[in-house]
Amino acid sequence: MLSWLVARRACLTHEVLRRKGKIIVSWCSLCGNAAETNQHLFLHCNFTTQIWAIFLSITKTNWTMPEHTADLLSYSIRRGGSKSQKAWWRIIPHCIWWTVWKERNSRNFEDRSNSIQKVKWDCIASFYFGVKRKV
Ligand SMILES: [Zn+2]
């Protein structure tokens, strides 16, 4: 499962490939402003934070983005709130990370990039169907 890899910093980002000895000029394909690390790609990238902002707004959540993906997953699982909000927060990180990872791979391997609006809609659709599946 992708989220498990993301939380363990084992997803094959440039950071991990470098750790494995690959020589790579690391550049985030989503924003072009930083090296592609696990924390950057899935939490702090300007592109990704726009997607997080939607879900923080929908759920009326006010938090400081944690530094590490494992912390975020832990917060989202332990988060309080209504029953439906708890259920949503078990799905939200997975939807965002999956959507971001797909877009990153599309840009890196297919030379195709979608607009942030398209990626946001894809993520919202993924969330919607995730919630419907749980009902
Ligand atoms: Zn970035």
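1. A salt bridge is a side-chain nitrogen of Lys or Arg within 4 Å of a carboxyl oxygen of Asp or Glu. Arg104 forms such a pair with Glu36, and their closest N and O atoms are 2.9 Å apart. The two residues belong to distant parts of the chain, 68 residues apart: Arg104 is in helix α6, and Glu36 is in the loop between α2 (14-19) and α3. Helices here are DSSP runs of H or I with at least four residues, numbered from the N terminus. Arg104 and Glu36 are both buried, a term that means under 20% relative accessible area, with exposed meaning over 50% and partly exposed in between (1.4 Å probe, protein chains only).

2. On the basis of the note: this is a predicted model, in which local features need pLDDT of at least 70 and side-chain atom pairs count only at pLDDT 80 or more, while totals for chains, interfaces and linings use all residues. Residues are numbered from 1 along each chain as its sequence is written, and side-chain values use heavy atoms, with hydrogens and water left out.

3. How many salt bridges does a search of the whole structure find? The search finds five. One of them joins Glu103 to Arg107, with 2.7 Å between the closest N and O atoms. Because Glu103 and Arg107 are four residues apart in helix α6, about one helical turn separates them. Glu103 has a relative accessible area of 3% and is therefore buried; Arg107, at 18%, also counts as buried. Glu110 and Arg112 form a salt bridge as well, their closest N and O atoms being 3.3 Å apart. Arg112 has 46% relative accessibility, so this residue counts as partly exposed.

4. The zinc ion has four protein donors: Cys28 (SG), Cys31 (SG), His40 (NE2) and Cys45 (SG), at 2.1 to 2.3 Å. Donors are N, O and S atoms within 2.8 Å of the metal (3.2 Å for Na, K and Ca); water is not among the atoms, so sites may look incomplete. The angles among the four donor atoms are 104 to 112°, and the site is tetrahedral, a label given to four donors if all angles lie between 85 and 135 degrees. Along the sequence, the donor residues follow the spacing C-x2-C-x8-H-x4-C.

5. Ile116 lies in helix α7 and, at 15% relative accessibility, counts as buried. Trp101 lies in helix α6 and is buried, with 12% relative accessibility. The C-alpha atoms of Trp101 and Cys31 are separated by 13 Å, and these residues are 70 apart along the chain.

Methods: Four donors count as tetrahedral if all angles lie between 85 and 135 degrees; four count as square planar and six as octahedral if opposite donors are over 155 degrees apart and all others between 65 and 115; anything else is irregular.
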